[in-house]
Structures are given as structure tokens and as C-alpha cells.
Amino acid sequence: MDRIAVVADIHGNRFALDAVIDDLEARQVDEVIVAGDLVGRGPQGSEVVHRVADLGWRCVRGNHEDYLLNFCRDNVPLSWWEDEEWAASRWMARELDEEAVAFIESLPFSLHSKLAPSMQIFHGSPNSHSEGIGAWTPEQRLEQFLQAIDGTILVCAHTHRPLEYDSPRGMIVNVGSVGLPFNGDWHAQYAILEGQADQWEVTFRRVAYPRQRFLDHYRTSGFLEEGGITAALLYEEVKFARPFLVPFLKWADATERLPRDAHLEEFLDLYDPDQSLAEFFAGLDDNKRRPSMP
Ligand SMILES: [Fe+2]
């Protein structure tokens, strides 16, 4: 029997990563793979990359690796160097040292477990590292994904919400997020797959970590102050373990506001993080949204 751990979406949260490393030591796993998004959406990107590199864990590339690489390689529109909306990304890109940049630049789109070659790991879906597989994905689509992979077990992340799907064709496991879960549970989350050949069982782990120290680091590092509206929304995401950034951007777009700090309080008054996005938009007064929004 082999025990393979897949961790993902650490998002520059060294405190959550350390707690997972301790938990993994106690569980004596044979292989650890990172399913992308080591960096972005959090202030400790370099530390996370160095820790993972030192441990020799193999990683795939997430969409946030690409976002920050674009900044590091000056491959973004000129306005992104000035707009408040991008202040947090600029800060996180500056925080990455050259070694960390070279490491994330080397990451592949997907890889196979060394112990279980039938297990293929992606950040998002077999099509894109920005396409999430979640409870909302239709069964037909899930079956298409299983058909598309080189193997029978598809392991993914990106949605920050754990998921298991079993079918005669194989299995899909979304491992959830270490550093920034969106399922309302602030614990660092990851998955252990245990088994052999095509028989695998999944255990979803949730591990406590010193979250207040991480939130304090938002302030002491300067990320909260210098990262503008985006850093403020990410701070809320850590506190509530729910998405705030994307709902805010959609709300700002729907109400024709610019995504600026001035609108933060107004948004926080309106937004219930336990509602789905569709419910949130359905609950807005007609005069606060454009008719085209859900
Ligand atoms: Fe992510």
C-alpha cells in the first residue's frame, strides 16, 4: 500500500504550510505532490517556494504562478504598474526572489505520481489551470475529464473546496486548499490517497494552524497597507475562509464602480460570505446592478 499526499493552493501562507508539514510527518506518507498555486493571494510566497523546494516535493504550475511570473517578467499592461487593483500583485511579485521565480518558472502543467503512474495531477482541469472542477461541474463533464487524462485518477485543486467523484472509469479528487480555503473551514486542507494499482481511498485532512499570526503578518509585512483593496479583500478571505475578491470585482463591474478602497465598506455591508454568488447578485436591488448580471 502506498500513501500519496497532494497539497495545493498554499497561496503564500507559510504558517498553514508548516502545520501541514508537521501533519504529514506524523502520517508517514511515501510521496508528496503540490498541485499548484504555491504563490499569489498571500504575502509569504518566497518562503513557501523555498520550503517546498528544500523538501524536494514535485509541483505543477497553478494560474497564480503564471500571474506573478507575468509581473516578474514585465509582461503586463502598463496600467497594471499603477492601478490600485493590481497593488497586491505588484507587492507579491516584488516579494519573490530570483530563486523562487526560477523555481515556479520551471513547473510543468501536469505530472504523474511516481508511485502510482495512473494518477495524474493538474492544478485546475486537464484543459486549463484556470478551470475549476467542483460540486457544480456536470457529471458528463467529469466523465470527459476522466477520459482525457493519461490514467484513471485525476487529482486537482484551484477551487479551494475539496471534492471526491467516483465512477467506473476512475476517480477525481479535488484536494482543497492549504492556505486559503473557500469552504467556510479555515483549517489548512489537503488529501492523502492510500492504495495500490487502481484501488485508492481518499482521506481529506484539515489541520489547525496559527491563523492569527498569519493575519498579523499581513500587517507587519506591509502587505495589507501597501496591497490596496485586493490585500484588504484577501485578509477577509483568510478570516472567513470564503471568497471575497472575485465577488467584489464582479460587484464593482456590475455596479460600474472602479475597484478602489473607497468601496470596501459598502461592499462588506452588502456581502454575506455564506451566500453563493448567484444569491448575492439576486439579492441586490435592481438599481445597484446591471440587468445582464446573474
Ligand atoms: Fe488558488
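Me: Quick one to start: which residue stands opposite Phe122 in E5?
Reply: That's Ser110. Keep in mind that this is a predicted model.

Me: Thanks! And how many bridges join E4 to strand E5?
Reply: Three bridges hold E4 and E5 together, and the two strands run antiparallel. E5 covers residues 119–122.

Me: What's the strand order in the sheet that has E4 and E5?
Reply: Going across, the order is E4-E5-E6-E8-E7. The sheet is open, with five strands and mixed pairing.

Me: Which ones are the edge strands there?
Reply: Strand E4 (110–112) sits at one edge and strand E7 (163–167) at the other, so to speak, as each pairs on one side only.

Me: What's the average twist from one strand to the next?
Reply: In that sheet the twist averages 15 degrees from strand to strand.

Me: Which helix packs on the sheet, and which strands are touched?
Reply: Helix H6, residues 139–148, packs there. H6 touches strand E6 (153–156), E7 and strand E8 (170–174). The direction of H6 makes about 105 degrees with that of E8.

Me: Switching to the sheet with E1 in it. What's the order?
Reply: Here the order is E3-E2-E1-E9-E10. Five strands form this open sheet, and the pairing is mixed.

Me: And the edge strands, which are they?
Reply: Strand E3 (58–59) and strand E10 (199–207), each pairing on one side only.

Me: Are E1 and E2 parallel or antiparallel?
Reply: Parallel, over four bridges. Strand E1 spans residues 2–7 and strand E2 spans residues 31–34. As a landmark to look for, Val7 stands opposite Val34 in E2.

Me: Which helix packs on this sheet?
Reply: Helix H1, residues 14–27. H1 touches E1, E2, strand E9 (188–196) and E10, and its direction makes about 25 degrees with that of E9.

Me: Let's zoom out. How many helices and strands does the protein chain have?
Reply: Twelve helices and ten strands.

Me: Why is the chain said to be as compact as a globular protein of that length?
Reply: Because its radius of gyration is 19 Å, close to the 19 Å that the globule rule gives for 294 residues.

Me: What does the C-alpha trace span along its principal axes?
Reply: About 55 × 40 × 35 Å.

Me: What percentage of the residues is buried?
Reply: Buried residues make up 43% of the 294 in the chain.

Me: Last one: what share of the contacts with a separation of 6 or more comes from residues 24 or more positions apart?
Reply: Those residues account for 67% of such contacts.

Note on methods
Residues numbered from 1 in each chain as written. Predicted model: local features only at pLDDT ≥ 70, side-chain atom pairs only at ≥ 80, totals over all residues. Rg over C-alpha atoms; globule rule 2.2 N^0.38 Å. Buried ≥ 20, exposed ≤ 12 C-beta atoms within 10 Å, placed from the backbone. Contact = placed C-beta atoms within 7 Å. Pairing = 2+ DSSP bridges. Axes fitted to C-alpha atoms, helices over the stretch in contact; angles between N-to-C directions.
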